[in-house]
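Hello,

The structure we talked about is below, followed by notes on what was found in it. Please read them with the coordinates open.

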Amino acid sequence: MPVVAVIGDGQLARMMQTEAIELGVETRVLAASDDASAAQVFGDVRLGDYTKLEDLRAIVDGADAVTFDHEHVPNEYAQMLIDEGVAVEPRPDALLYAQDKLEQRKRLSEAGLPVPAFAAIESVADAEAFWEQTGGQVCLKATRGGYDGHGVWFPSSREECAALVEDLLGRDLPLMAEKKVAFTRELSAMVARNRSGEVRAWPVVESRQDGGICRVAIAPAPGMSPELAQRCQDLAVRVAEGLGVTGVLAVELFEYDGENGPEVSVNELAMRPHNTGHWTQNGCVTSQFEQHLRAVLDWPLGGVDTLAPATVMVNTLGGEEDPDTPMAERVVEVMRKYPQAKVHLYGKDHRPGRKMGHVNVTADSVDEALAVAEDAAHYIIHATWKD
């Protein structure tokens with residue numbers, strides 16, 4: 001059976017491993033420490049640093065495919081591995097557009113895809129000009145490295161914007177600005193594409209945020225017309241094909257009220273399994289983790305049919321305090337009260353706001369699934385029920 005090397009030791013790599021076991025695929029992981037989330041479950045753990053070429057070369061030696069659970073591997077190193085005959089997926093010429101938000105905006109805009117008005121910010125004068133252009137509706141972003149609400153700023157005045165830009169540029173932080181979108185909700189359109197060009201699109205999901213972190217994902221997105229759902233899926237397929245993405249791609253979208261009804265614009269791209277796709281583990285024929293492995297190996301992709309009318313995923317984000325009740329006891333109590341709830345934990349120590357795991361619930365309605373998933377996740381976090 002083939003060998004897949006995964007660079008990155010977080011929960012996404014961890015959940016790839018459980019699917020690889022079922023497929024009979026051999027795996028190895030490049031981890032920073034033995035107690036990292038993925039390192040706890042992989043049989044072949046190589047300790048190292050993904051920013052060091054020698055560590056990358058060691059992990060990919062003899063692998064049939066190499067993939068990531070984050071987008072931060074230096075592109076020049078990934079290209080060197082490809083030049084040496086290694087099948088790195090997704091490839092750096094695609095991964096660039098998940099790493100660099102400004103390059104992403106330029107490429108999508110050139111392709112005629114919907115994105116907010118944007119500009120590179122290389123001086124305070126650039127920021128002030130964009131402030132005037134948008135009537136003060138400005139969102140500043142670090143072009144690289146930001147996630148889960150980090151690297152994003154919303155200045156409330158022209159003066160604050162100018163001072164913020166001066167400070168950030170003074171720290172050599174590359175910046176861009178885009179016009180704030182008065183969105184009504186956030187969506188995620190996820191697809192998978194293999195190297196041969198086969199593409200499968202999952203149902204569009206509504207995601208709900210808490211402090212910039214995805215907390216809830218509802219599949220399919222409730223109240224969405226078939227026409228808008230198809231448009232979102234088609235958009236994600238266009239991105240995957242246009243950029244030559246291999247593996248899972250998440251296209252995060254803003255839905256907003258247009259002149260002729262709901263419209264969408266692209267918010268972010270992620271070229272790997274994604275938080276908004278965790279629902280597929282229990283609500284879909286093929287999970288995003290299995291599909292990602294199939295895609296990077298250039299195997300046929302699996303079906304994406306849903307297994308229930310509604311599936312809800314709720315993240316278990318660490319509370320302000322860790323309850324005295326041991327986690328195992330909390331899980332058992334959730335199982336006792338809600339046998340239909342599927343608990344997924346990442347083996348992480350408690351930290352306020354940290355993604356510790358998630359709960360998936362399938363049901364005949366969104367309200368039913370959401371109520372159970374919210375209560376179960378609340379108990380996992382606080383050791384108390386919501387009511």
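N267 counts as buried, because its relative accessibility is 9% and the cut-off for buried is under 20%. Please keep in mind that this is a predicted model.

N267 sits in strand β14, which covers residues 261-270. Leaving aside residues up to four places away in sequence, N267 touches Q104, R105, K141, E186, E252, L253 and F254.

One of those contacts, E186, belongs to strand β9 (residues 183-193). E186 is buried as well, with a relative accessible area of 14%. Its contacts, again not counting residues up to four places away in sequence, are V205, E206, S207, Q209, L253, F254 and N267. L253 and F254 are therefore touched by E186 and are also on the list for N267.

Why look at these two? The UniProt record, an unreviewed entry, gives the feature "binding site" at K101, K141, E178, K179, K180, V181, E186, N267 and E268. Some of these positions fall in the elements described next.

The sheet is open and has four strands, in the order β5-β8-β6-β7, with antiparallel pairing. Its edges are β5 (118-121) and β7 (152-153), each of which pairs on one side only. Strand β6 (residues 138-142) runs antiparallel to β7 and is joined to it by two bridges. K141, one of the UniProt positions, has V152 of β7 as its bridge partner.

Helix α6 (residues 124-134) packs on it and touches β5, β6 and β8, with a direction at about 165° to that of β5. Helix α5 (residues 101-110) lies across β5, β6 and β8 (175-179), and runs at about 145° to β5.

Elsewhere, helix α1 (residues 11-23) packs against helix α10 (residues 288-296) at an angle of about 75°, and their axes are 8 Å apart. The two helices are therefore roughly perpendicular. On the α1 side the contact is made by L12, M15, M16, E19, A20 and L23, and on the α10 side by F289, E290, H292 and L293. By type, the residues of this contact are seven nonpolar, one polar and two charged.

Regards

Notes: Residues are numbered from 1 along each chain as its sequence is written. This is a predicted model: local features need pLDDT of at least 70, side-chain atom pairs count only at pLDDT 80 or more; totals for chains, interfaces and linings use all residues. Side-chain values use heavy atoms; hydrogens and water are left out. Two strands pair if DSSP finds at least two bridges between them. Contact means heavy atoms within 4.5 Å. Axes are lines fitted to C-alpha atoms, for helices over the stretch in contact, and angles run from 0 to 180 degrees between N-to-C directions. UniProt positions are given in the numbering used here, feature names are shortened, and annotations may be inferred rather than shown by experiment. Buried means under 20% relative accessible area, exposed over 50%, partly exposed in between (1.4 Å probe, protein chains only). Angles under 35 degrees count as roughly parallel, over 145 as roughly antiparallel, 65 to 115 as roughly perpendicular and the rest as oblique. Ala, Val, Leu, Ile, Met, Phe, Trp, Tyr, Cys and Pro count as nonpolar, Asp, Glu, Lys and Arg as charged, and the others, Gly among them, as polar.
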